[in-house]
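Me: Please take a close look at one part of this model, the sheet, and start from a single residue pair. Then go on to a helix contact.

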Amino acid sequence: MNERYSRQQLFAPIGEEGQKKIRGKHVVLIGAGALGTGNAEALVRAGIGKLTIIDRDYVEWSNLQRQQLYSEADAKERLPKAIAAKRRLEQVNGEVEIEAIVGDAGPEELETIAAMQRPDLLIDATDNFDARFIINDVAYKYHIPWIYGACVGSYGISCAFIPGRTPCLYCLLETVPQGGLTCDTAGIISPAVQMVVSYQMAEALKILVEDWSALRGKLVSFDLWTNEYAAVRIDGVKKDGCPTCGRHPSYPFLSYEQRTKTAVLCGRDSVQIRPSARRQYDLNELAELFRRQGLQAEANPYLVSVSLGDKRLVVFRDGRALVHGTKDVQEAKAIYYRYLG
Amino acid sequence: MTLVINGETVTVPDEVKTVSDLLAYFRLDNKLAIVEVNVRIIQKHEYGTTALCDGDRVEIVHFVGGG
Ligand SMILES: [Zn+2]
C-alpha cells in the first residue's frame, strides 16, 4: 500500500480498488479561483492521474483571502492563475500530471479537450452562467459527468449532473440567468467556499471510484451565517424537449452565435476581449512599445500590464485582453483597438 | 399558516396562498429559485396556481453565480 494514500484507502467505499481507479482518472477543472483552487488541491492530494486547469485570469491581492494555492509572490508577479496553481500543485503531489491552460473556457476550447482527451469529469469553478451552460452542453454531448458549484457571501450551492443518470442544468433552470442576477458583489467568506468544495469533492470521489449509487442526486444549498440548509431531488425535472439532454439535443450553447468575443467579468468592473483571430505577441516587445508611448508597462512571461489613468489594460500572448476599470464593452473595445490595433 | 421551509417551522401571513406569494414574501421572486413542495418540484408556470396548505414542507434553493 502506498503510504501517501493509506488513509483514503482505509475508507471502505474507496479501498485499494477505488484508489487504482482514482489514479487512472483525468479531471478538467474550469476556473482556478476560490472553488477551483480548493478542488484542485483536494483532487491532487487524492492522487488522480491528470488534472487540466483552465483559467483566464491572473492572481491579485484580493484573491489571497480565500484562493488557497496562491502566495503574495504570485500576486506581486501577476502570475496567471493556471500557472501559479500548477506550480503549487506540483509541490503538493509530483505524481499527478498537471496541465495548465491560460485562456477562456469557451465552446471551442472545451469541446476540443472533451473530444481529444476524453476526460472522466468536469468540475465547474467558474463565476458565471454563460460558462456553465457551455460546460453543461459539452458534458452531455460527450457523456462526461460535471459538478456545479457556486458561492456568495455565506451561501453556497452544488449539484452533480450525470449524463444518462440525471437531468441537466438546463432542465433545472429552464432559462439562462441574466448577467445582473448572478453577478455578485456581496463578498465571500472562506468557509462558504470550503463547504461547496467539500460537496463537489465528495461527489467527485464517488464518480471517480464509480460508486454511482452513492451519489446524492440532489441540488443542495446552505447558508453558514443564517444556519440554513435545503436540498431538492432533481430526478423529477428531466424534460424530453430539453435542447441539451432531451430526445433531440441541439447543444445550443456550443453554436457559433454563442461564441462571444467580449464578456463583462462578474463583480470585477472589467471587460474581457478576445480578438477574432488569434495573435502571437512578443510580450517584451509589446511592453517596450507601450513604454515608448510614455506609458507604464510591466511584462512577465504570460502577460503585459499597462496603466492608463483609472484604467488598466492587461494583454496575454494570444491577444486576449482584460480592460479593468470599466463595465462598458464599447469603451473597452475602443481602448483595445487604440492600443493594439 | 405554518409551513416547514428548509427544515424550519415558519409562520407566514394569511395573504400567502400560493408559491408565487411565498417567493414574493421572501423577496425571492426575482431570483432564480427551485421550489419543492412536499417532495415535488414545482415548475415555474405552476407557481401562481400551486396553493399552499398548513403543514406543507417547502424547500427553496436559489441559484448564485460566484465561485
Ligand atoms: Zn436537460
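Reply: Start with V4(B). V4(B) stands opposite R57(B), a residue of β5(B). This is a predicted model.

Now widen the view to the two strands. β1 covers residues 2–5 of chain B, and β5 covers residues 57–62 of chain B. These strands pair in the parallel sense, over two bridges. Strands of a sheet pair through backbone hydrogen bonds, either parallel or antiparallel.

Next, the whole sheet. In chain B, five strands make up an open sheet. Read across, the order is β2-β1-β5-β3-β4. The pairing is mixed. At the edges of the sheet stand β2 (8–11) and β4 (40–42) of chain B. Each has a single partner strand, so one side of each is left without a neighbour in the sheet. From one strand to the next, the twist averages 35°.

Helix α3 spans residues 34–46 of chain A, and helix α5 spans residues 81–92 of chain A. Their axes come within 10 Å. They cross at roughly 30°. Angles under 35 degrees count as roughly parallel, and α3(A) and α5(A) are therefore roughly parallel to each other. The crossing of α3(A) and α5(A) is right-handed.

Which residues meet there? From α3(A) come A40(A), E41(A), V44(A) and R45(A). From α5(A) come R88(A), L89(A) and V92(A). By type, the residues in the contact of α3(A) with α5(A) are four nonpolar and three charged, with no polar ones.

Terms used. Residues numbered from 1 in each chain as written. Chains lettered and ligands numbered in written order. Predicted model: local features only at pLDDT ≥ 70, side-chain atom pairs only at ≥ 80, totals over all residues. Heavy atoms only, no water. Pairing = 2+ DSSP bridges. Helix = DSSP H or I, 4+ residues; strand = E, 2+ residues; numbered from the N terminus. Axes fitted to C-alpha atoms, helices over the stretch in contact; angles between N-to-C directions. Parallel < 35°, antiparallel > 145°, perpendicular 65-115°, else oblique. Left-handed = near helix turned anticlockwise from the far one by under 90°. Contact = heavy atoms within 4.5 Å. Nonpolar A, V, L, I, M, F, W, Y, C, P; charged D, E, K, R; others polar.
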